[in-house]
Amino acid sequence: MSDIKKVVLAYSGGLDTSVIVRWLQDTYACEVVTFTADIGQGEEVEPARAKAEALGVKEIYIEDLREEFVRDYVFPMFRANTIYEGEYLLGTSIARPLIAKRLIEIANETGADAISHGATGKGNDQVRFELGAYALKPGVKVIAPWREWDLTSREKLMQYCEERNIPVDFSNKKKKSPYSMDANLLHISYEGGVLEEPWAEAEDDMWRWSVSPEEAPDQATYLELTYEKGDIVAINGEAMSPATVLETLNKIGGANGVGRLDIVENRFVGMKSRGCYETPGGTIMLKAHRAIESITLDREVAHLKDALMPRYAEMIYNGFWWSEERKMMQQMIDYSQRHVNGDVRVKLYKGAVSVVGRRSADSLFDESIATFEDDAGSYNQKDAEGFIKLNALRMRIAASKGRNLLD
């Protein structure tokens, strides 16, 4: 007899998680609580309620977390100019700590003994969900069906549904996308299908959020982004909430062919994985944020941030959002953003994002010093001679001792 009486399941209402509801009921003889999060995946989440009710679920949580997702997760990550392995903007990774947090909060509210998720044993998401859960509730039991059951294919899952009268729309099974997709307000990802061959080009009809650069408008689109403490608070002078900022940038960026990416990444579990991503708004945000920092950050602060960013990105990718080291680094990043205020003007044209203007009342750019014209004595060029000689001193000494760098 299982000691698990109640489980909180991260529930999408799709095939996999619908099977998991019944599998948990059958295998653990437990009550299942479902949690469905709207983080901007672009699909209605309310239908999950009827599906859960049909499976006998009594406690059903359906929550709109879009503002919290962008405000407390996406924006803090972008303050660090975070990018994994030089390309990936971490769209899937950054959503997992929020879901893990709510799973634990709901478990505490409902007195559940365990949480459960539909992540497979091959991917990163199992790690992200569970690391977050253990960090926030050390003694929680985690049930990962894909690591326990023998339902190893879509056909077996559908057969399981048919045998147990699980309400899944089988009429759409032949229309199902060949790709495994994940979407939220920051991005949509594609894996599987022809993408499992790294040499194969992604099919044109796969992309959902953006037009191809070739089909983008022939006229450039200009945007003016207003920053306060490193976060965008207005677009073209119109104040917007964090979620609305990202929704707007996704729409405009996608219409201009911005944000497509095709990469092979190194998963935390050890394998390489090829994936395609659409991150229109995030691509614009990254470019613009670096631009506003370029005039407001001290040089050494900017360079230190750049040096630490790969470690910060790796923490998020690997699932360590809820860790002491990430929290510590976030405080440093947020401190650096105190004076990152002002406006950035960007130009979008056929997939490219170009910065064409930046201004700030907190700018460290001094035109009187930087000018190529007469600087009226603001900068004494003779000072450079001693500066150069002092920096060359160690190399001059080494050369005088016979150390030939041409060898």
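**A helix and its surroundings**

Modeller: On one side of helix α6, Glu-155 and Glu-163 are exposed. This is a predicted model. The helix α6 covers residues 154–164, and Leu-157, Met-158, Tyr-160 and Cys-161 are buried in it. Viewed down the axis of α6, the buried residues fall within an arc of 155 degrees, so they line one face of the helix. Glu-155 and Glu-163 lie on the other side. What do the buried residues of α6 pack against? They pack against α1, residues 15–28. After α6 comes Asn-165. Its phi is positive, near 55 degrees.

Next, the cores. The largest nonpolar core has 74 residues. Phe-69 and Val-74 have the most contacts inside it. Take Val-74 and set aside its neighbours within four places in sequence. Val-74 is then in contact with Phe-69, Ile-94, Leu-186, Leu-246 and Met-285. Another core, of 29 residues, lies apart from the largest one. Tyr-160 of α6 is among its residues. Others include Tyr-28, Ala-114 and Ile-143.

Now the sheets. Strands of a sheet pair through backbone hydrogen bonds, either parallel or antiparallel. Six bridges pair β3 with β2, residues 31–38, in the parallel sense. For Asp-38, the bridge partner in β3 is Asp-64.

An open sheet of four strands runs β6-β7-β12-β11, with antiparallel pairing. At its edges stand β6 (180–183) and β11 (260–266). Each of these has a single partner strand, so one side of each is left without a neighbour in the sheet. Here the twist averages 25 degrees from one strand to the next. How many bridges join β11 to β12? Seven bridges join them, and the two strands run antiparallel. Strand β12 spans residues 272–278. Within β12, Lys-272 is the bridge partner of Asn-266.

Terms used
Residues are numbered from 1 along each chain as its sequence is written. This is a predicted model: local features need pLDDT of at least 70, side-chain atom pairs count only at pLDDT 80 or more; totals for chains, interfaces and linings use all residues. Side-chain values use heavy atoms; hydrogens and water are left out. Two strands pair if DSSP finds at least two bridges between them. Buried means under 20% relative accessible area, exposed over 50%, partly exposed in between (1.4 Å probe, protein chains only). The arc is that of the directions from the helix axis to the C-beta atoms. Contact means heavy atoms within 4.5 Å. A nonpolar core is a set of buried Ala, Val, Leu, Ile, Met, Phe, Trp, Tyr and Cys residues joined through side-chain atoms within 4.5 Å. Axes are lines fitted to C-alpha atoms, for helices over the stretch in contact, and angles run from 0 to 180 degrees between N-to-C directions.
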